[in-house]
Amino acid sequence: MNTEIELKLALSAEDLARFAASGLLGEPARVEEQRSVYFDTSARDLHQAGFTLRIRTVGAARIQTIKATGPGASIFARPEWEQPLSADEPVVDRTTPLAAVFDLTPDDLEPQFTVEVERSTWEVDQDGTRIEVVLDRGMITSGSRQTAVGEVELELKDGDPKALFTLARRIEAIVPIRFGVMSKAERGFRLIDAEQIVFKAEPVELDREMYVAKSFRTIALACLRHYRLNEDVLRVRRNPEALHQARVSLRRLRSAISLYRDILGDAESERLKGELKWLAGVLGRARDVDVLLTRQPEPELRERLKSARSARYADVFEALDGARGRALLLDLHEWLHCGGYLSVAPAELREKPVVDFAEAVLDRARRKLKKHGRALAKVSDEQRHEARKDAKKLRYAAEFFATLFDDKRGARRHGRFIDAMTGLQDRLGTLNDLVSGPQVLDEIGLEGHPDAETLVLHTDKDKLIDHAQNALDDVIDAKRFWR
């Protein structure tokens, strides 16, 4: 599982210059100018189906590369095809995978965007491990729109995967790094469209023959991608919804660790889960004030809340940029690629087909919700909150494993199950707001403000509990899409 690892590190233009000037890696083995033109139909049929086609020019040489990255990639024996070209026109004949999926001629394709970079390459020996390091600096251009490229890629060629992270930490000691999660092709297509200011969780692509350990890493990396996409937006825009989705991504990752606890028997998984809880808590405190601001407070109270929001957002960025937050992301990636769970857990668990594991996990999460949600009217607010957390774990599990049960019946049942879960979470969320609103006002010193009552939900709690119970019963009664 660990022989093919590549880390993409996103650096600002200033930090790229600092890294290049640091002399950490010595002189590069080669430096070359690359120009890549990406092609698609006017309706972007290739991109929507999970394919990219580019022609890269280096000196006098032209290479066409086609990549299959979407759900349809599984029908091919390999994900990437290269061939030399003598001209700048794409080739889409029977020698390419596109002929099996599309009815295309070269005239159907047109340039979408261009990536021009200066690429410096080093061959590094780190503790006896061979690592290729590539530094790309340049620009992606589509019409009048441009976005800068600045990234360092570390690719394990041979040896111990841990050495890759040793080198990443040496770089991080010079400049702050953030893990890149978008390819240049993705960034190019996003440049064409209107700027996206929030990213929701994407479907996790699992297949029924995948081993359990690999499925966990796939899910965890999807959660980290969800987090990083929103973190980048948050840094630029301070968008409340991006902050909310970043927090959701961390909750999803913590839930994944809990759901896979049978194979994650190492102490590092518990430590990292605790660190994720810490970071999610920092984001959550800022989110609490954002929610109060949506309730149309009076002008003077609004200014007080905005001041509290600024302070809590400052806490967020201090956490993200501090040593603890930066170490967390590095530690998570190292653990996912090199952690003890890859070898310590019994082989019969980590190497069993994920579909059997998923059925057991979903059954267990459903039983737990049923047990804790049996009588919501007779338990405390704290116990209802536990039922709410159970509901979230079941919802996340249903989303993680959806592609394992995507036949016609499974997809239909899954849609109904998610609808029922959405209704339940809305009811339980409103119940939680009844309790948390006054607590947040107390934390920020506004509990005694004359207009504070306008920010507190006022509703019939008993009736709301009844509605939540009905919604929970609907979830339990819904047909299981995994059976």
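Visitor: Buried means under 20% relative accessible area, exposed over 50%, and partly exposed in between, with a 1.4 Å probe and protein chains only. Buried or exposed: which is Cys223?

Guide: Cys223 counts as buried, at 2% relative accessibility. The model is a predicted one, in which local features need pLDDT of at least 70 and side-chain atom pairs count only at pLDDT 80 or more, while totals for chains, interfaces and linings use all residues. Residues are numbered from 1 along each chain as its sequence is written, and side-chain values use heavy atoms, with hydrogens and water left out.

Visitor: How many disulfides does a search of the whole structure find?

Guide: The search finds zero disulfides, a disulfide being a pair of cysteine sulfur atoms within 2.5 Å.

Visitor: Let us turn to the helices. At what angle do α12 and α13 pack?

Guide: Helix α12 (residues 381-400) and helix α13 (residues 408-443) pack at about 150°, and their axes are 10 Å apart. Helices (H or I, at least four residues) and strands (E, at least two) are DSSP runs numbered from the N terminus. Axes are lines fitted to C-alpha atoms, for helices over the stretch in contact, and angles run from 0 to 180 degrees between N-to-C directions.

Visitor: What does that angle make α12 relative to α13?

Guide: It makes α12 roughly antiparallel to α13. Angles over 145 degrees count as roughly antiparallel, under 35 as roughly parallel, 65 to 115 as roughly perpendicular, and the rest as oblique. The α12-α13 crossing is left-handed, a term used if the near helix is turned anticlockwise from the far one by less than a right angle, with clockwise giving right-handed.

Visitor: Which residues make the contact?

Guide: Contact means heavy atoms within 4.5 Å. On the α12 side the residues include Arg384, Arg388, Ala391 and Leu394, and on the α13 side they include Phe417, Met421, Leu424 and Leu428. By class, the contact has eleven nonpolar, six polar and six charged residues. Ala, Val, Leu, Ile, Met, Phe, Trp, Tyr, Cys and Pro count as nonpolar, Asp, Glu, Lys and Arg as charged, and the others, Gly among them, as polar.

Visitor: And how far apart are the axes of α5 and α8?

Guide: The axes of α5 (residues 212-237) and α8 are 12 Å apart, at an angle of about 125°. That makes α5 oblique to α8, and their crossing is left-handed.

Visitor: Which residues of α5 and α8 meet there?

Guide: Tyr227, Glu231, Leu234 and Arg235 of α5 meet Tyr313, Val316, Phe317, Leu320 and Asp321 of α8. Six of the residues in this contact are nonpolar, none polar and three charged.

Visitor: What about α8 with α9?

Guide: Helix α8 (residues 299-321) packs with helix α9 (residues 323-338) at about 55°, with axes 4 Å apart. The two are therefore oblique to each other. Ala319, Leu320 and Asp321 of α8 make the contact with Ala323, Gly325 and Arg326 of α9.

Visitor: A change of topic: where is Arg44, and what is its phi?

Guide: Arg44 sits in the loop between β2 (30-40) and α2, and its phi is near 55°, a positive value in a residue other than glycine. Most residues other than glycine have a negative phi. Arg44 is buried, at 18% relative accessible area.

Visitor: Where is Gln296, and what is its phi?

Guide: Gln296 also has a positive phi, of about 55°, although not a glycine. Its place is the loop between α7 (267-293) and α8. Gln296 is exposed, with a relative accessible area of 66%.

Visitor: Finally, what does Val181 touch?

Guide: Not counting residues up to four places away in sequence, Val181 touches Glu186, Arg225, Arg228 and Leu229. Val181 lies in the loop between β9 (178-179) and α4 (184-192) and counts as partly exposed at 25% relative accessibility. Val181 and His226 are 45 residues apart in sequence and 8.9 Å apart in space, C-alpha to C-alpha.
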